[in-house]
Amino acid sequence: MPPYIGVAMMIILGLAFAGASIVGAGLIRPKHPTPGKMDAYESGVPPTGDTRGRHHVRFYMVAMLFVVFDVELIFLYPWAVRFAQAEDMAEKVTMLVAMILFVTLLAVADIVGWKMGVFDWSKE
Amino acid sequence: MNFAAVLFYAFSAIAIVAALGTVLARNIVYAALSLVGTMVMIAGIFFILHADFLALVQLLIYAGAVGVLLIFGLMLTNTGQPATGPKDRWQRPIAFVAAMAFILVAGYAAVSTDWMQGVVPQLERVPPAVLASSLFRNWALPFEIASLVLLVAMIGAIVISRRETSND
Amino acid sequence: MDLVSTLALLAKGLVVLLIFLAAPLIFVLAERKILGRIQSRRGPNRVGPLGLFQTVADGIKLGTKEDIIPPAADRVVFWVAPLFMVIPAIAAWSVIPFGPMVEIGRETGLWITNLNVGILFVLALGSLNTYGPVMSGWSSNSKYAHFGALRSGAQIISYELTLGLAVLAVVVYAGSFSLIDIVESQRHMWLVAPQFLGFLIFIVSGVAETNRAPFDLPEAETEIVAGYFVEYTGIRFAMFFIAEYANMFLMSMLVTVLYLGGWNGFTIPGLEGVSGVVWTMAKALTLMFGYFWLRATLPRLRYDQLMSFCWKILLPLGVLNLLVASVLRMVWS
C-alpha cells in the first residue's frame, strides 16, 4: 500500500469535515445583515481610506532572504542523512567540509542582510 | 484504473485549470494564488511518481517560499484596482505569431516522440542519501557555485529594493 | 490492498480526525482553567459540572452564529482561506506516530502512514500554513486584518528557517526523515540530551510558528484586535480556532517525537502499545501545559524584537548547533 494514500485520506477527511460544517451551519444560522454589521471592524470608528495601500519593502526583503535560505537548507537534508550513514572517516570529512562551505554561504547571506538593515525593523 | 491513476488525472486536471487561472485572471492576487495551486498539484504528481524528496522540494520552495515572495511583492505594489487591458496593443500580432510557433514546435515534439506506449515504467525510489553523495561529493564544486549565484542574486534584490525605499 | 487494511486505515483516519476536532474543545477549556488558576481566578465554572462543557457551549454558539462576509471583502478568497488553515493542519497529522508497532490481529503501527520523508512533509505543510493568514487578511479588506496578515507571513517564514535548522541537527543524529525511525533511534537516549540547544531552538520557533504568546503579534488583541481573522464570524471563525489549537498540539507531538523519545519510556512487557500511547500523550500534554504557562507568564514581544531575535540570534545559534552536532556525530560514532 503506497504511503501517500494515508495522506490523501486525511486531506479528504479534512475537506469533508470543513465542507460539512460550513454547509451544515449555513442551514441553522440566522441572516439579518445591517449596514453597521457589514462594515470592516475598526474599533467602532467608520473605516476610512483604502486598506490595500503599499507596505514597507522590508516584508519583501525578508521573503527574499527566506527563499535563499530555504533553497540552501533543503539541500542539507539529504546531506544530513548521508552524513549519518557514512561509514569511513575520509568520506565523513569530505562531507563535513562541503557542508561547512555551504553553511558559510548561509552565514554570509545572514550577515549581508544584517549589515543592510533588513532585520532592523525599528529604524527609519 | 488504479488509485494512483485516479489521483494523477485529478492532480493534472486541477494543475491545468489553475495554470489557466494564472494566465487569465484579471485580479493579480488570484493569478498568484492559482500559481501556488499549480505548484501544489505538481508536487502531488511527484509524490505519485515516488519522487518524494522532489515533491517536498516543490512544496517547500515553490509552493511555500516563492509563492509567499510573490504575494508579498504584490502586497507592496497593490493599489487595489484590477488590471486594465493591455497597453501595448501593437504587440498582439507578434505575440500571436510567437505563440503559434511555440505550439508548432511543441506539437511536433509531442507527435514525433516515441512515448514507449504500453511499457509499464519501473519507478525506482532514489534515497535522499544517494542524492546527497552526488551533490556534495561528485558535483560539489558546481553545486557550491550554484548556491553562490543564488546568494549574489539575493544581495542584488536587496540592494535594488533598498534604493527604492530611499527614493520614497 | 485488502479490505481489512483499508478499513484499518480508515479507522485510524477517523480517530485522528476525532483528536483533531477534540483538541480545541479540550485545550481551550484547559487553557482558560489554567490561566485562571495562575491569575488567582477560577476560570469558566458555569456550564456543566466544574464548567467542563464551556467549550462545547462555545462551539454550539459559534455554529449557530450569523455568517458575515463584509461587502468590501474579496468573497472567493475570503471563503477559501479557512480551508487553507484547516487542510495543512490536518494533513500533517497523517505522519505523526502515537505509539509503536502493535499486534491487533495483525502487525500494525499506531500511525496513519510511515512516510519516508515524514519530517520534511511536516515542514512543507508548515510553510503552506502561511497562506491561510495571508489570504484571510488580504481578502478581509480591513486594516487590522491586513497588518495581521503581513506580520503573520513574515513571522512564519522567518521562524520556519530556525525550525528547519533544528530539525537538520536531529536528522544528523537519526539518519532518517521518517518520524518512526527518528523515535526508534532514541531507544537508548532521548535526543534532548545531545541536542539540548536544538531542543530550545525548536521550542522557541515552534511557539512562534503557531502564533502563540509571547510571539502572538499577528493576533495581538490589544493592538490589532484579532489580526488576520478579525472579520470572520461563526463557523469560519471556529475553523481558525480549530487550526490554531490543532497546530499547537501538533507542535507538541513533534517535540515529543524529535527530542523526547516519542513512545519510548518505562513499559510492561505485553503492553508496549498502551504504554507507548500513554508516554507520547503524557509528554505532549506536558508541552501543551508549557504553552499555557508561557502565555500566562511572558509579555508580548515588539515586532522589531521578534524579527531581529529570529535573524540575529536564533538563526546563527541554529547554524552553530548544526556544526557542533555534525562534528560531535563524526567523532562520537
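Is helix α8(C) mostly covered or mostly uncovered? Mostly covered: 11 of its 14 residues are buried, where buried means that 20 or more other C-beta atoms lie within 10 Å of a residue's own, exposed means 12 or fewer, and partly exposed is in between, with C-beta atoms placed from the backbone. Before going on, keep in mind that this is a predicted model, where local features need pLDDT of at least 70, side-chain atom pairs count only at pLDDT 80 or more, and totals for chains, interfaces and linings use all residues. Residues are numbered from 1 along each chain as its sequence is written, while chains are lettered from A and ligands numbered from 1 in the order in which they are written.

Back to α8 of chain C, then. The helix covers residues 196-209 and reaches 20 Å from its first C-alpha to its last, close to the 20 Å expected at 1.5 Å a residue; that expected span is 1.5 Å times one less than the number of residues. Helices here are DSSP runs of H or I with at least four residues, strands are runs of E with at least two, and both are numbered from the N terminus. Among the buried residues of α8(C) are C:F199, C:I201, C:F202 and C:V204. The buried set packs against α4 (118-128), α6 (143-174), α10 (234-258), α11 (272-297) and α12 (303-332) of chain C, with a contact being two C-beta atoms, placed from the backbone, within 7 Å.

Just after α8(C) comes C:N211, with a positive phi of about 55°. This residue sits in the loop between α8 and α9 (221-224) of chain C, and C:N211 is buried, with 25 other C-beta atoms within 10 Å.

Chain B has a residue of this kind too: B:H50 is not a glycine, yet has a positive phi of about 65°. Look for B:H50 in the loop between α2 (28-48) and α3 (52-77) of chain B. B:H50 counts as partly exposed because it has 16 C-beta neighbours inside 10 Å. As for chain B as a whole, there are 6 helices and 0 strands, and 21% of its 168 residues count as buried.
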